[in-house]
Protein chains: 2
Amino acid sequence: MPRPKGFDPTEVLDAAVDTFWRKGYAATSAQDLVDGTGLGRGSLYHAFTSKQRLFEEALRRYEDTSATRVEEMLAGPGTIRERIRRVLMDVVEDETAEASEHRGCLAVNAALELGGIDDEVTARVRHNFERVENALYVEFTAARQEGEIGAARDPRALAQFTLAAMYGLRVLGRTADRQVLTQITETTIQAL
Amino acid sequence: MPRPKGFDPTEVLDAAVDTFWRKGYAATSAQDLVDGTGLGRGSLYHAFTSKQRLFEEALRRYEDTSATRVEEMLAGPGTIRERIRRVLMDVVEDETAEASEHRGCLAVNAALELGGIDDEVTARVRHNFERVENALYVEFTAARQEGEIGAARDPRALAQFTLAAMYGLRVLGRTADRQVLTQITETTIQAL
DNA sequence: GTCGTTCTTTAACGAACGTTCCAAAACCAA
DNA sequence: TTGGTTTTGGAACGTTCGTTAAAGAACGAC
């Protein structure tokens, strides 16, 4: 019956993620997306309707990979503090790596560029944040039960605090050097 | 001799700050700036050369008002923890106020939108961040001398940590509610 | 092999972009 | 009042914007 798509939707979405990630939403043009994905203009719009819809899909795809990454790191071996350090230092490494060209975190970028402006994007960003927060919450709860964290501490508060520290690193990562970011990481862990 | 300007440059800059603040750099058009400032196209470009230059000037003007505000709050009465709480809660109030329409902090927004892309903007954002960090550093140093803060703590590290918390609140402010942001503030202060 | 459907390609759309130009207006010193 | 200089408002620049239209190509079902 119908003619099948000539491309892998996930691959195209990954290319769109990369393009939006490097330039931001407003500064990315339809031509940038055509160049980035390799699709023709028509195919792109036929498949994704509009730039805004494509961005929403890209954000969903980004969450798939990035939140999963954090969840896996948190589920790894070591004490709670070791695992939190690993997650935060992963941000530090990412922010200071030449290769990642100041892309930062797409969800954080989207939160500041479109948060409160585009409801669909805001909701997706919130979902992304909450997914990471919940992963942290689960680990803090378990750690408290194990006695790694004081019984008087509130796991939900610790998760939100750690999330804020993570995103603080994302902001300062644009201007601060590795040593400063590492110091902040250590001070944060000390506070747990 | 020459004809004097028919406008107050500071007022115009404040209007430009407001416009960029609400929409971001890329999403703000020359027409938006004309509408916002009330100047004609010609006057605007004659006075500020380009959109990019105008943004740089606006960012400088923003720093004048916003960093000064933090410095004044820090120089106010109360213990170090009370004063830090006042600064962080000021961010929380700003982020959750209906009136401020999700503008956030212009320096943080600029850091994420243009950090690493535009060198001039990056340098100005860094200057803004460092000014706040140094204000915090001065207070933490004094507080340690007064015995409010443990002698073993590093005032520089505490300043950077607090700065990161502040900007973490700016990010989460786009999606989280007041109660969560307040909780994060308290956890942060507890860590000092 | 034909049909129905969807995908792809290409060209083009009107609108809006950032910027430039120019002539008229306005100011102050002389 | 005149002359010199700068600012002003507005029109216009060529380019790029996000999006759409139209026609042909490619596939699976029969």
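Start at helix α2 (residues 30-37) of chain A, where A:Leu33, A:Gly36 and A:Thr37 are buried. Buried here means that 20 or more other C-beta atoms lie within 10 Å of the residue's own; exposed means 12 or fewer, partly exposed is in between, and the C-beta atoms are placed from the backbone. Helices are DSSP runs of H or I with at least four residues, strands are runs of E with at least two, and both are numbered from the N terminus. Those three residues cover an arc of only 85 degrees around the axis, so they sit on the same side of α2(A). The arc is taken from the directions that run from the helix axis to the C-beta atoms.

The buried residues, for their part, pack against α1 (9-23), α3 (41-48) and α4 (51-74) of chain A. After the helix comes A:Gly38, which has a positive phi, near 85 degrees.

A word on what you're looking at: this is a predicted model, in which local features need pLDDT of at least 70, side-chain atom pairs count only at pLDDT 80 or more, and totals for chains, interfaces and linings use all residues. Residues are numbered from 1 along each chain as its sequence is written, while chains are lettered from A and ligands numbered from 1 in the order in which they are written.

Now zoom out to the whole of chain A. There are 9 helices and 0 strands in it, so to speak an α-α-α-α-α-α-α-α-α pattern when read along the sequence. Its C-alpha atoms fill a box of roughly 60 × 40 × 30 Å along the principal axes. Of its 192 residues, 41% count as buried. Take the contacts in chain A with a separation of 6 or more: residues 24 or more positions apart account for 61% of them. A contact, by the way, is a pair of residues whose C-beta atoms, placed from the backbone, lie within 7 Å.

What about the second copy? Rotate chain A by 180 degrees, with 0.0 Å of shift along the axis, and it superposes on chain B with an RMSD of 0.1 Å. The two copies are therefore related as by a two-fold rotation axis. The superposition is by least squares on the C-alpha atoms of residues with pLDDT of at least 70 in both copies. Within chain A, A:Gly168 comes closest to that axis, with its C-alpha at 2.0 Å. Both copies use the same surface, since 100% of the contact residues of chain A recur in chain B.

The contact itself takes 37 residues from chain A and 37 residues from chain B. On the chain A side, the elements giving two or more residues are α6 (106-114), α7 (119-146), α8 (155-172) and α9 (178-190). Of these, α8(A) gives the most, with 12 residues. Sorted by class, that side has 19 nonpolar, 13 polar and 5 charged residues. Nonpolar covers Ala, Val, Leu, Ile, Met, Phe, Trp, Tyr, Cys and Pro, charged covers Asp, Glu, Lys and Arg, and the others, Gly among them, are polar.

Which residues have the most contacts inside the largest nonpolar core? They are A:Leu169 and B:Leu169, in a core of 110 residues. Such a core is a set of buried Ala, Val, Leu, Ile, Met, Phe, Trp, Tyr and Cys residues joined through C-beta atoms within 7 Å. Leaving out residues up to four places away in sequence, A:Leu169 touches A:Leu88, A:Val91, A:Val92, A:Glu95, A:Leu181, A:Ile184 and B:Ala164.

Over in chain B, helix α7 (residues 119-145) has 27 residues and reaches 38 Å from its first C-alpha to its last. That is close to the expected 39 Å at 1.5 Å a residue, where the expected span is 1.5 Å times one less than the number of residues. B:Gly147 follows α7(B) and has a positive phi, near 85 degrees.

Most residues other than glycine have a negative phi. A:His102, in the loop between α5 (80-96) and α6 of chain A, has a positive phi near 60 degrees. With 17 C-beta neighbours inside 10 Å, A:His102 counts as partly exposed. B:Glu101, in the loop between α5 (80-96) and α6 (106-114) of chain B, also has a positive phi, near 40 degrees. Because B:Glu101 has 11 C-beta neighbours inside 10 Å, it counts as exposed.

Definitions and conventions:
Contact = placed C-beta atoms within 7 Å.
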